[in-house]
Amino acid sequence: MSSEEDIGSFLEQRVWPELDAVASGLLEELKPQRNGNSYKLACPSCGKRRAYYYPTKAIKCNRIDSCGYASSIWSYLLEHQNLSRKEVVQTVCRAVGIDPPDSTSPK
């Protein structure tokens, strides 16, 4: 990663387009089931089986009487898996088979 490329750009360009969070096991606790080009999940917020995840996209509770939960994989891992930002970067990089950027910065 060049000094001009920040972690957000790195993730946006190299990780998010390649990440299937279900295939890599990151959403296992939500009991994903294939549903066409998406996965049906238990909603991380309300627990009801009405959330969807489209690979490389967000998780969204989107049925009638939805709780309104919508989250990126980044936020889900921070909030529901209790990973630190550094751990999220390491986890998603490992999931797509690339090394995380080498940084001495705590960010």
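Residues are classed here as nonpolar (Ala, Val, Leu, Ile, Met, Phe, Trp, Tyr, Cys and Pro), charged (Asp, Glu, Lys and Arg) or polar (the others, Gly among them). In the predicted model, this scheme divides the lining of the second largest pocket into 7 nonpolar, 2 polar and 1 charged residues. The lining comprises Leu11, Trp16, Leu19, Tyr53, Thr56, Lys57, Ala58, Ser72, Ile73 and Trp74, and the pocket holds about 150 Å³ of space.

The packing of two helices was also examined. Two packed helices are described by the angle between their axes and the distance between the axes. For helix 1 (residues 7–15) and helix 3 (residues 85–96), the axes come within 11 Å and cross at roughly 20°. Because angles under 35 degrees count as roughly parallel, helix 1 is roughly parallel to helix 3. The crossing of helix 1 past helix 3 is left-handed.

On the side of helix 1, the contact is formed by Ile7, Phe10, Leu11, Arg14 and Val15, while helix 3 contributes Val89, Val92, Cys93 and Val96. By class, this contact between helix 1 and helix 3 has 8 nonpolar residues, 1 charged residue and no polar residues. Leu11, one of the residues of helix 1 in the contact with helix 3, is also among those lining the second largest pocket.

Notes
Residues numbered from 1 in each chain as written. Predicted model: local features only at pLDDT ≥ 70, side-chain atom pairs only at ≥ 80, totals over all residues. Heavy atoms only, no water. 1 Å grid on protein atoms, 1.4 Å probe; cavity = no way out; pocket = protein on both sides within 12 Å on 5 of 7 lines; lining within 4 Å. Points joined across faces, edges and corners; volume = space filled by probe spheres on them. Axes fitted to C-alpha atoms, helices over the stretch in contact; angles between N-to-C directions. Helix = DSSP H or I, 4+ residues; strand = E, 2+ residues; numbered from the N terminus. Parallel < 35°, antiparallel > 145°, perpendicular 65-115°, else oblique. Left-handed = near helix turned anticlockwise from the far one by under 90°. Contact = heavy atoms within 4.5 Å.
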